[in-house]
Amino acid sequence: MATRTITEGVSIARRRRLSETYIGDWLMTTDHKKLGIMYMVTGFFFFLVGGVDALLIRTQLAQPNGKVLSPDVYNQIFTMHAITMIFLFVMPMLTGLGNYIVPLMIGARDMAFPRLNAFGYWVVLFGGLFLTSSFLFGAAPNVGWFAYAPLTELSGAGTTSCGNAVLCTPGPNMDFWALGILMLGISSIAGSINFVVTILKLRAPGMTINRMPLFTWMTLITAFLLLFSLPSVSMASILILLDRHLGTHFYVAGFGGDPLLWQHLFWSFGHPEVYILILPAFGIISEVLPVFSRKPIFGYTFIAWSGVAIGFLSFTVWAHHMFAVGLPLVAQAFFATSTTLIAIPTAVKIFNWLGTTWGGKLSFKPPMLFALGFIAMFLIGGLNGAALAIVPFDYQVTDTYFVVAHLHYVLFGGTVFGIFAGIFYWFPKITGKLLNERLAQVQFWLMLIGVNLTFFPMHILGLLGMPRRIYTYPDKLGWNEMNLIATIGAFTLGVAILVFIWNFVVTLRSGEAAGTDPWDAFTLEWDTESPPKPYNFLEIPTVRSRRPFYDKKNPETADWKSMTH
Amino acid sequence: MQISKNHRASNEATEQSIKPKQSYWPIVLAASLTLTLIGVILMSHPIIFWIGVAFVIVSFVGWGIERR
Amino acid sequence: MRMPIFRGMKRWGLILSAVLLSSLLLAACGENSPSILNPSGPVALKEANLFWFILVVATIVFVVVETLLIYSIVRFRERPNSPTPVQTHGNNTVELIWTIVPSLFLFVVLVGTIYTMFGLTNFTSVNSRPLQIRVVGHQWWWEFDYLNEHIVTADELVIPVGTRIEAQLLSQNVIHSFWVPELFGKTDVVPGHNNMSVFQADNIGSFRGQCTEFCGLEHAHMNFYVIVKSQDDYNTWLSSQEQSASSTPTDPTALAGQKLFLGSGGCQGCHGIVGVNLKDDQHLNSGQDASVLVGPNLTHFGSRREIAGGVLQWDPASCVVVTGSNGQPTIQNPDACGLYQWLKDPLAVKPGTDMVIRSLSDTEIAQLIAYLESLT
């Protein structure tokens with residue numbers, strides 16, 4: 001067969017179309033790499049917004065009887081902090097990284113449905129702006145990110161207005177919540193369909209399911225989780241909109257409804273959602289650790305299939321968020337069992353990551369720093385999470401700062417560290433430049449210290465009886481010191497992020513050129529230019545093992561020579 | 001000599017034929033959806049909602065018949 | 001890349017864990033926090049013991065895994081003459097071991113968990129008869145109806161020591177959660193559901209409780225106290241609570257205060273006092289159910305110390321009624337008197353409260369305080 005070439009198209013002199021202008025190109029793009037960048041930039045912007053929310057919260061709580069924020073504003077801010085971080089930062093950021101990297105990793109030229117991909121992005125941007133614009137109306141969602149009924153109803157049961165006591169949510173706050181979640185759900189469903197079809201149908205020749213990179217595995221599982229869990233919360237949102245505007249009573253007791261219906265529907269989404277937030281990060285770690293240990297991932301099959309197990313089990317544990325609501329004891333025992341069960345595949349992953357570093361040749365470049373930090377911090381989140389499965393103990397600490405500690409260790413110590421590992425790892429591929437190592441080290445240590453300073457004291461606060469979601473607390477209850485430490489930690493984290501932004505700006509302007517393969521990596525995305533050409537690969541490669549690029553660079557010791565997979 | 005991109009002498013692939021084509025329907029549909037949901041918030045002026053719905057329908061059709 | 005800080009990391013890891021652990025213990029023992037590790041009742045005791053067990057296990061796992069991590073970092077970091085590592089892909093035996101061993105251990109923990117769950121309310125009591133309370137969550141204060149004793153209090157739940165308490169949890173508005181960390185784990189108060197919290201206090205004292213489910217604007221100010229008395233002291237308290245309030249206070253200032261209570265637009269629009277506008281703990285003089293009143297029952301407010309879900313506290317010693325320079329009653333030191341601040345401007349103290357009242361003069365406030373102080 002003749003040598004393949006890909007040429008630039010013939011250009012004809014005429015007026016430029018919208019699609020050929022710089023702006024038009026971005027507005028009309030369907031290219032997975034451009035969309036990946038757009039997702040990530042948008043996600044990072046909302047990370048800053050959510051971070052400001054967090055700093056406001058911590059400033060208010062730094063001292064007892066704080067007067068920085070009024071209760072109404074505080075309630076909006078703590079609600080939006082969670083919504084922004086979950087739906088507008090982590091999910092778009094992971095979707096963006098997946099969008100950019102997965103097609104490259106599997107040897108494809110783009111995602112299966114390019115226009116659907118673009119649609120998913122624009123819905124996130126518009127949905128995020130829609131939701132955040134609610135602040136301008138003074139009506140941001142103010143009922144917690146979990147928005148329990150019947151607080152979210154339009155009026156108190158049996159009355160048509162709320163009276164002065166603000167029994168419920170008379171303003172459009174809850175409508176913003178429901179509509180925003182519906183929009184973002186649509187985006188995630190579009191993205192998930194795309195990932196599932198792309199990963200199942202567009203892999204390079206020879207790349208069986210058992211040979212695809214673990215980041216791709218985790219993205220696939222996450223996509224299935226989204227497809228099966230989003231209908232629950234979408235339905236819940238529609239029902240609350242009906243309650244609020246069309247006079248139904250799905251969640252109102254006394255009219256035949258039940259507030260607990262909301263909780264079951266919400267957590268049937270909410271629990272898979274937290275695995276949606278962490279699984280791609282597990283995938284990133286599983287890519288970074290081998291490269292910087294100079295050996296393959298230990299227990300590939302176990303990591304892949306434990307991810308599948310977590311995916312299935314995540315649908316069986318939802319009521320562990322509801323241990324205190326008065327469910328029958330037998331039901332609570334069931335959920336205690338399923339929650340204990342889901343700890344096992346998670347532990348298996350941690351052991352396999354340790355097995356990867358064991359006997360390796362570790363280099364502590366920035367991606368590896370964050371990957372190791374991930375393991376250290378996620379372990380803590382896993383342990384305090386397992387503690388919460390012990391139901392009688394949960395009765396004491398649920399709805400307290402102990403849970404806030406848990407969720408932030410897994411989401412910040414876990415997912416955010418994982419995201420930064422991915423950013424530092426793939427930045428040179430995306431931009432052709434290497435982020436500054438010195439600044440990365442400063443950021444890493446500030447983040448590691450900051451996470452522990454901010455969130456470890458919250459374990460203690462929970463044990464000392466401090467509830468969640470309170471806009472202030474009294475003096476003389478022994479909570480002052482821990483709160484102050486947590487606030488100092490939060491600002492430390494803020495500084496760390498500023499260091500990252502500085503690194504990012506300085507590198508884009510005058511960073512060191514990265515070359516195509518700065519880390520001597522193993523997977524296909526590195527066998528391209530930095531940044532890759534629009535068409536990704538000159539020739540779609542044929543794959544013979546789990547580390548196709550390693551094989552290409554090391555033909556004598558290639559994996560396919562020793563492995564049967 | 002001008003060669004149109006649909007009639008090529010050789011079997012060479014061009015960037016345009018390999019890259020997915022650009023399209024404005026995704027952003028238009030997304031904007032229409034947003035307008036519709038804003039219309040739900042502003043239900044005191046239902047016209048916004050219905051304009052949004054109209055745009056959504058137009059976008060679905062446009063997306064569907066777009067030649068790729 | 002040289003990272004000198006990594007040297008001796010094993011040592012650092014152990015020191016760090018020791019510091020964290022001790023800080024936990026120190027924090028738990030100090031101050032007057034409503035700490036779950038300060039159990040004063042059988043339910044909280046079982047739950048606290050579970051915590052200590054969890055702490056030991058979690059610490060062991062933490063130290064083992066982090067040590068392995070830090071050891072890898074130190075031992076396997078690249079050095080100039082490190083060889084290329086063996087390209088191990090896995091080891092099925094090891095996988096089996098580290099799946100099965102944790103599973104067995106977790107199974108044992110699970111069995112213990114379920115056993116404890118089902119036995120939480122099996123404890124011995126001094127009294128043979130449990131005390132039955134109906135707990136009603138309002139926005140944002142707690143009502144306590146003593147079902148068999150026919151008294152109603154707010155924000156303070158007085159119980160005898162060593163007695164089994166069966167608390168029915170009701171709400172007519174949103175979800176709340178009933179929690180006293182030193183006595184028992186929380187149970188949510190869900191509209192339309194009849195949840196029950198069963199507990200007991202084995203020590204005399206005052207234990208702080210709080211709402212622990214976000215319930216709106218002033219969720220942060222929905223606190224209460226469980227006051228545990230000896231059986232004798234409880235009986236004394238009970239008999240004074242069972243008295244109706246006097247319909248004509250003797251003190252003229254207090255009498256003026258009662259007139260304000262009963263006057264048009266007065267407090268009786270939202271509050272009830274047995275013997276004044278309530279004929280008994282559950283009914284207005286007209287026979288209507290007392291639950292139409294939005295505010296707490298004030299029959300024995302004088303013996304309580306909490307205001308409005310614990311947002312303020314007061315006591316008669318800091319709310320002394322004196323005669324002012326104009327010959328009218330006034331409060332001696334208004335800034336020290338929580339009740340004064342509350343009556344002066346409830347919305348400033350607790351934004352969103354239902355207590356929207358006209359502006360009261362200092363004289364009127366003093367009269368009301370004198371009256372409320374008399375309601376012991």
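## Briefing on the predicted model

C:Thr299 is buried, its relative accessible area being 4% (buried means under 20% relative accessible area, exposed over 50% and partly exposed in between, with a 1.4 Å probe and protein chains only). The model is predicted: local features need pLDDT of at least 70, side-chain atom pairs count only at pLDDT 80 or more, and totals for chains, interfaces and linings use all residues. Residues are numbered from 1 along each chain as its sequence is written, chains are lettered from A and ligands numbered from 1 in the order in which they are written, and side-chain values use heavy atoms, with hydrogens and water left out.

**Surroundings of C:Thr299**

- C:Thr299 is placed in the loop between strand E12 (283-284) and strand E13 (306-307) of chain C; helices (H or I, at least four residues) and strands (E, at least two) are DSSP runs, numbered from the N terminus.
- The side chain of C:Thr299 makes a polar contact with the side chain of C:Asn297 at 2.5 Å. A polar contact is a pair of N or O atoms within 3.5 Å; within protein, one must be able to donate a hydrogen and the other to accept it, and residues adjacent in sequence count only if both atoms are side-chain atoms.
- A polar atom of the C:Thr299 side chain also lies 3.0 Å from the backbone nitrogen of C:Val274.
- Apart from neighbours within four places in sequence, C:Thr299 is in contact with C:Gln243, C:Ala245, C:Gly272, C:Ile273, C:Val274 and C:Leu375, where contact means heavy atoms within 4.5 Å.

**Interface of chains A and C**

- Among the 2 pairs of chains that touch, chains A and C have the most contacts.
- This contact involves 101 residues from chain A and 94 residues from chain C.
- About 8,300 Å² is buried between chain C and chain A, 71% of it on carbon and sulfur atoms; buried area is the accessible area (1.4 Å probe) that two parts lose on being put together, summed over both.
- On the side of chain C that touches chain A, two or more residues come from each of helix H1 (9-29), helix H2 (42-75), helix H3 (92-119), strand E7 (184-189) and strand E9 (205-211) of chain C.
- H2(C) gives the most to that side of chain C, with 15 residues.
- A:Val348, in helix H9 (residues 329-357) of chain A, is buried at a relative accessible area of 5%. Leaving aside neighbours within four places in sequence, A:Val348 is in contact with A:Phe302, C:Glu95, C:Trp98 and C:Thr99.

**Helix H5 of chain C**

- Helix H5 (residues 252-262) of chain C has C:Thr253, C:Ala254, C:Gly257, C:Gln258, C:Leu260 and C:Phe261 as its buried residues.
- These residues cover an arc of only 155° around the axis, which puts them on the same side of H5(C); the arc is that of the directions from the helix axis to the C-beta atoms.
- The exposed residues C:Pro252 and C:Lys259 are on the face of H5(C) turned away from its buried side.
- The cover over the buried residues of H5(C) includes strand E15 (321-323), strand E16 (329-331) and helix H8 (362-374) of chain C.

**Salt bridges**

- Over all chains, the structure holds 15 salt bridges, each being a side-chain nitrogen of Lys or Arg within 4 Å of a carboxyl oxygen of Asp or Glu.
- A:Asp517 and A:Lys553 form a salt bridge, with their closest N and O atoms 2.6 Å apart.
- A:Arg294, A:Asp517, A:Asp520 and A:Lys553 are linked in a salt-bridge network.
- C:Asp145 and C:Arg134 meet through their side chains in a salt bridge (2.8 Å, N to O). C:Asp145 lies in strand E2 (residues 142-146) and C:Arg134 in strand E1 (residues 131-137) of chain C, so the pair ties together parts that are 11 residues apart in sequence.
- C:Asp145 counts as buried at 1% relative accessibility, while C:Arg134 is partly exposed at 23%.

**Chain B**

- Chain B has 3 helices and 1 strand, in the order β-α-α-α along the sequence.
- Of its 68 residues, 35% count as buried in chain B.
- No contact joins chain B and chain C, and their closest C-alpha atoms lie 22 Å apart.
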